[in-house]
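User: I'd like to learn how to read helix packing and a few other features in a model. Could you walk me through them?

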Amino acid sequence: MSLEAIVAIIAGGLVSGSLYALMASGLSLVWGTVRMFNFAHGALVMVGAYSAWYMSNRGGLAKALQPLGKSIIESSENSGALGGLLLPLGEWLVSMRGGFGLVLGVPFAILCCGLVGYVMYVLLVKPFVGKPGADLVVIITTIAGASFMQNGVQVIFGPRYKQLDRILTGPPLQVLETAIGLQEVLVIVLTPVALLLLHFFLKHSKLGMAIRAVAQNDDFAHLVGINVGQIYPLTFVVSSILAGLCGVMLGGLFFILPTMGAQELLFAFVVVVFGGLGSLPGTIIGAYVIGFIRESSAYIFSLYWAPVVLFATLILVLIFRPRGLMGGEES
Amino acid sequence: MSLMDQLNKYRIGLAIIGLVAFLAVPFVITDKLLIHLAILGMLYAIVASNWDLTLGYAGVFNFAHLAFFGIGAYTSGILAVKAGVSPWLGILAGGATAALASVIVSIPAIRLRGIYVALLTFACSQLVLLLLLSQPLITGGQQGLTGVPQLQIGDFRFRESPFAHFYLVGFLLLCSTIFLRRLVTSDFGLSLIALRDFEEYAVARGIPLAQQRLLAFLLSSIFPGMAGAVYAHFLIVASPDIFGFSLTTLLLSMVLVGGVATIYGPVFIGVVMTYVSELMASSAWMSDVFGISRGPVRFMFVAMLIVLTMRFFPGGVWGLINQLSSRVRKQKQAAADQHT
C-alpha cells in the first residue's frame, strides 16, 4: 500500500467517521434517554440538507421572494413615508437573487430540524411513551414518519437532485502529495467542534445534566424535580439538530435527494451497535472506527463490497458482544 | 367466543361461497385496472400475512420480510433473463433462495432481543439492496432488471388473459393463508405465542426458543419468495424500489391496520389497501389538489394511516370487528338475562 493510499484512506475515514458520528450520536442520545429508536433519523438528515438548500440556493426561497421584493419596490414608489421605509427591504430582497447563502442556510436548517424533531416527538413518540410494547410501536411510527417526510419533500421539491454551494472554494489541500478537497477538510475539522459543543452541553449546562440524569434513571430524575416530560422532547430536538448538521455536510459533499439519509442511517445503525447503544463516547469512537473500516475495505476490495465487510463486522459484534464496545447493561 | 370461532362454525359453507365468489370475480369485473390491482393486492397480502407470523405471532421485530419478497423477485428474474430458466422453476427457486436468506438472517437475529433484532433485520434488507445495486450487469442496477419473461404454459401467455394471473395468485394466496392458519393454530403456533407472551416461563417449560424462532422465519419466508417471483414475471420487471421505505410502510400498514396476529386481517386489508393506495395514485382529484406529483402523496396518506391506527386502534380492523361483535353479543346476553 502506497503512502498516498494510506493518506487517502485516513482522510476518507475521517470524513465518513465524522458524518456517522454526527448521526449516530443523535440516535444514541435518544436511545439512552427516551429508550426509543428513531428510524426517521435518516429522513431528518434529508430535511436538514433540503432546508439549507432552500435558504441558501438561488432556486429556493430567494427565487420565491423575488416577486414580493419587486411589488414592494413598485408600491413604495407610489406611497409616502411608509413606502420609504419599506423600499430598502424590497431592494434587499431583489438584491438577494443569488440566495441567502449558507450563513443563513445553516441556522435555518438547524431551526427546521429542531422543529421537525419536536413535532415528530409529539406526534409519533409521545402518545406511546410508557405503554407496553412502545419500542416496537415507535419503530413503526417513525418508519411511517420517514416515509411521510421523504414523499413530502418529493412533492415539494420534486425528485431531481440538488446540491449545496461549497463553503470554501479553491484548490484542494495537498497532504503528502494526496489531494483532499476543502469541503472534506471542513467536515473533518467542524465535526469535532460540534461534538465538543455537545459534550459541554451535556456535561455542564443544566439542561444537559438533566438529560443525563433522565438517561441514568428517569424515576429518580423525576424525584429530584426534573420534568421528564420536557426532557424527552428536548432530547429529540438536540438529536434532530445533530442530524440536520450531518445533512448540511452531506449536502455539500454529495447530491441532495429525497431518499438520501437511508444509507447513512444503515451505517449509523452499525455504528451504534458497534459502539454500544446509549453510550456517547462508544458511539463516537465506533463512528470513526467504522469509517476507517469502510474506507479501507473500499480500497482493498471495492466500494461495493464495503457494506458487506461492515455488515460482517456488525454480525460478529452482535454475536460476541451484543452490548457493543462500551454499552452498559441491558435493562 | 370471538368472531373467528363464529366463522369457524360455518366454515365449509363460507369456504364454498368464497371460492365461487373468487372464481367469478374476473367474469364480473372486466375492468383491466381493477383486475391488475387485485392481483397486486393479493401478492402484497401474501407478504403481509406471512410477515404477521414473525411480527405478530412470534413477536420478533422483523423488518426484513420485504427483502425475502425482493430476493424471490430477483432470483427468478435473473435466472430467467440471464440463464433462460423456465419461470415456473424460477418461482420455486425464488421460494428456496428466500428461505435460505431467512435462515442466514435469523441465525444472528434469534440470539438477540428487541431493538437489536430490528436493527439487524433492517440492516440486512438494506444490505441486500446495496448488493443488488452493486452488480448492475446482473441486476440492472438502479433501473431494475427489465425484460423478465412472462409466465406461459405452451403457447398460452399469462398476460394476455385477465384470468390466468388472477387465478394463479389467488391460488398462491389461498395456499399461503391455509398454511399460515394451520401453522398458528398448531402446537408450533401456540409455542410461538407462549414465547412472545412470557418468554422465561415458556423456555422453562421446555420450548426451544432459538429453534422455534428460526422455524418461524423460515416458514414465513417461502411464500413471500414465491410471491416475489410471480411479481417479477407479472410486471416483467424486478425493481430496487421493493426495498424502499415507501413499500415497507405500505406493507407494514397492511399488517397493522389489518390486525397483528390474526393472519386474516393482513390478507383482507392487504387487498383493500393496495386498491385504495393505487386508486389515490391514479385519481384525478388528487392531482387537482396536490399539483403534479400525486404518486408520493398516497404514501404520505398510508404513513398517516399507520400512525393513526397505532394510536387509536392498536388491534387493527380485525381487532375492532372482534371487539364490536363481542360487545353486541354481550348486550344480547344481557337483554336475554333480563327477560328470564
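Analyst: Happy to. Let's begin with a definition: angles under 35 degrees count as roughly parallel, over 145 as roughly antiparallel, 65 to 115 as roughly perpendicular and the rest as oblique. Before the case itself, note that this is a predicted model, where local features need pLDDT of at least 70, side-chain atom pairs count only at pLDDT 80 or more, and totals for chains, interfaces and linings use all residues. Residues are numbered from 1 along each chain as its sequence is written, while chains are lettered from A and ligands numbered from 1 in the order in which they are written.

User: At what angle do helix H3 (residues 32-57) of chain B and H8(B) pack?

Analyst: Two packed helices are described by the angle between their axes and the distance between the axes. Axes here are lines fitted to C-alpha atoms, for helices over the stretch in contact, and angles run from 0 to 180 degrees between N-to-C directions. For H3(B) and H8(B) the angle is about 15 degrees, and the axes are 10 Å apart. The two helices are therefore roughly parallel to each other. Their crossing is left-handed (the near helix is turned anticlockwise from the far one by less than a right angle; clockwise would be right-handed).

User: Which residues of H3(B) and H8(B) meet?

Analyst: Contact means that the C-beta atoms of two residues, placed from the backbone, lie within 7 Å. Residues of H3(B) including Ile35(B), Ile39(B), Met42(B) and Leu53(B) meet residues of H8(B), among them His165(B), Phe166(B), Val169(B) and Leu180(B). The contact divides into 17 nonpolar, six polar and one charged residue (Ala, Val, Leu, Ile, Met, Phe, Trp, Tyr, Cys and Pro count as nonpolar, Asp, Glu, Lys and Arg as charged, and the others, Gly among them, as polar).

User: Where is the place of Phe158(B), and what does Phe158(B) touch?

Analyst: Phe158(B) is in the loop between strand S3 (156-157) and helix H8 (162-185) of chain B. Not counting residues up to four places away in sequence, Phe158(B) touches Gln150(B), Leu151(B), Gln152(B), Ala164(B) and His165(B). For burial, we count other C-beta atoms, placed from the backbone, within 10 Å of a residue's own: 20 or more is buried, 12 or fewer exposed, and in between partly exposed. Phe158(B) has 19 such neighbours, so it counts as partly exposed.

User: How does Ser75(A) count, and where is Ser75(A) found?

Analyst: Ser75(A) is in helix H3 (residues 61-78) of chain A. With 14 C-beta neighbours inside 10 Å, Ser75(A) counts as partly exposed.

User: How many residues does the contact take from chain A and from chain B?

Analyst: The contact takes 35 residues from chain A and 35 residues from chain B. On the side of chain A, the elements that give two or more residues are helix H5 (101-125), helix H6 (134-157), helix H11 (262-275) and helix H13 (306-320). The largest share, 17 residues, comes from H6(A). That side of chain A divides into 27 nonpolar, seven polar and one charged residue.

Technical notes
Helix = DSSP H or I, 4+ residues; strand = E, 2+ residues; numbered from the N terminus.
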